[in-house]
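Reader: I would like to learn how to read the features of a protein model. Please take them one at a time.

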Amino acid sequence: MDHDNSGCQAPPEGPVLCINNCGFFGSAATMNLCSKCHKDMMLKQEHAKLAASSIGNIMNGSSSSSGNEPVVAANVDISVNSIEPKIVCAQSSLSSGSEEIRETKPKDGPKRCNSCNKRVGLTGFNCRCGSLFCAAHRYSDKHNCPFDYRTAAQDAIAKANPVVKAEKLDKI
């Protein structure tokens, strides 16, 4: 049978080298690229699409953030081939975001006991009233705790033991 009559093509004579000249063999399924070069090319295409869509969102003013970040409008050439404007925009938004985090989260001082103001560090005890105490003041009677343990215990018992009432029986 001839291949010309059936319309099928004969398989290539030998293995085809990768078109990036990396030394590995490619295939027609991966556009004559080896598996590593094909994977790298697909990742670059995904990153280009992602960057283009994020720049489009920034320019349109519809970002996915909560709106707290200021958006800086600039003349940016939106094209898939130019990479430098995308990098500049990403760096400016990252730097403004890190400054906001620093401003909103003040540095916490050392942890101290609420009664004697002693530094407790990692050994501090959190009371049910919400305060932090040292080993000497950790008990509720030592720091005049406003938490009402009695009503808390009564509520816990009431939840754990619901009232069970039997139905009234008909007298014979």
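Author: The turns below go through the folding elements, a charged pair, the cysteines, the aromatic rings and one histidine.

Author: This is a predicted model, so local features need pLDDT of at least 70 and side-chain atom pairs count only at pLDDT 80 or more, while totals for chains, interfaces and linings use all residues. Residues are numbered from 1 along each chain as its sequence is written, and side-chain values use heavy atoms, with hydrogens and water left out.

Reader: How many helices and strands are there in the protein?

Author: Helices (H or I, at least four residues) and strands (E, at least two) are DSSP runs, numbered from the N terminus. The protein has 4 helices and 4 strands, and from the N terminus on their order is α-β-β-α-α-β-β-α.

Reader: What share of the residues is buried?

Author: Buried means under 20% relative accessible area, exposed over 50%, and partly exposed in between, with a 1.4 Å probe and protein chains only. Of the 172 residues in the protein, 15% are buried. In helix H2 the buried residues are Cys37, His38, Ala48, Ala51, Ile55 and Gly56.

Reader: What span does H2 reach, and what is expected?

Author: The expected span of a helix is 1.5 Å times one less than its number of residues. H2 has 26 residues and covers 37 Å from its first C-alpha to its last, close to the expected 38 Å.

Reader: Which side chains meet in a salt bridge?

Author: A salt bridge is a side-chain nitrogen of Lys or Arg within 4 Å of a carboxyl oxygen of Asp or Glu. The structure holds 1, between Asp40 and Lys36, at 3.5 Å from N to O.

Reader: Where do the two residues lie along the helix?

Author: An α-helix has 3.6 residues a turn, so residues three or four places apart point the same way. Asp40 and Lys36 are 4 residues apart in helix H2 (residues 35-60), and therefore about one helical turn separates them. Asp40 is partly exposed at 31% relative accessibility, whereas Lys36 is exposed at 55%.

Reader: How many disulfides does a search of the whole structure find?

Author: A disulfide is a covalent bond between the sulfur atoms of two cysteines. Here the cut-off is a pair of cysteine sulfur atoms within 2.5 Å, and the search finds 0. For Cys18, the closest cysteine sulfur is in Cys22 at 3.8 Å, which is too far for a bond. Cys34 is in no disulfide either, with the nearest cysteine sulfur, that of Cys37, 3.4 Å away. Cys18 is buried at 2% relative accessible area, and Cys34 is buried at 4%.

Reader: Which rings form the aromatic pair?

Author: A pair of aromatic rings is described by the distance of the centres and the angle of the planes. Rings of Phe, Tyr and Trp (its six-membered ring) pair if their centres lie within 6.5 Å; planes under 30 degrees apart count as stacked, over 60 as edge-to-face and the rest as tilted. The structure holds 1 such pair. Phe147 and Tyr149 have ring centres 5.0 Å apart and planes at 75°, so this pair is edge-to-face. Phe147 is partly exposed at 29%, and Tyr149 is partly exposed at 31%.

Reader: Where is His143, and what is it in contact with?

Author: His143 is in the loop between strand E4 (132-133) and helix H4 (149-160), and is buried at 10% relative accessibility. Contact means heavy atoms within 4.5 Å. Leaving aside neighbours within four places in sequence, the contacts of His143 include Ser115, Cys127 and Cys129. Ser115 is 28 residues from His143 in sequence, with 6.4 Å between their C-alpha atoms.
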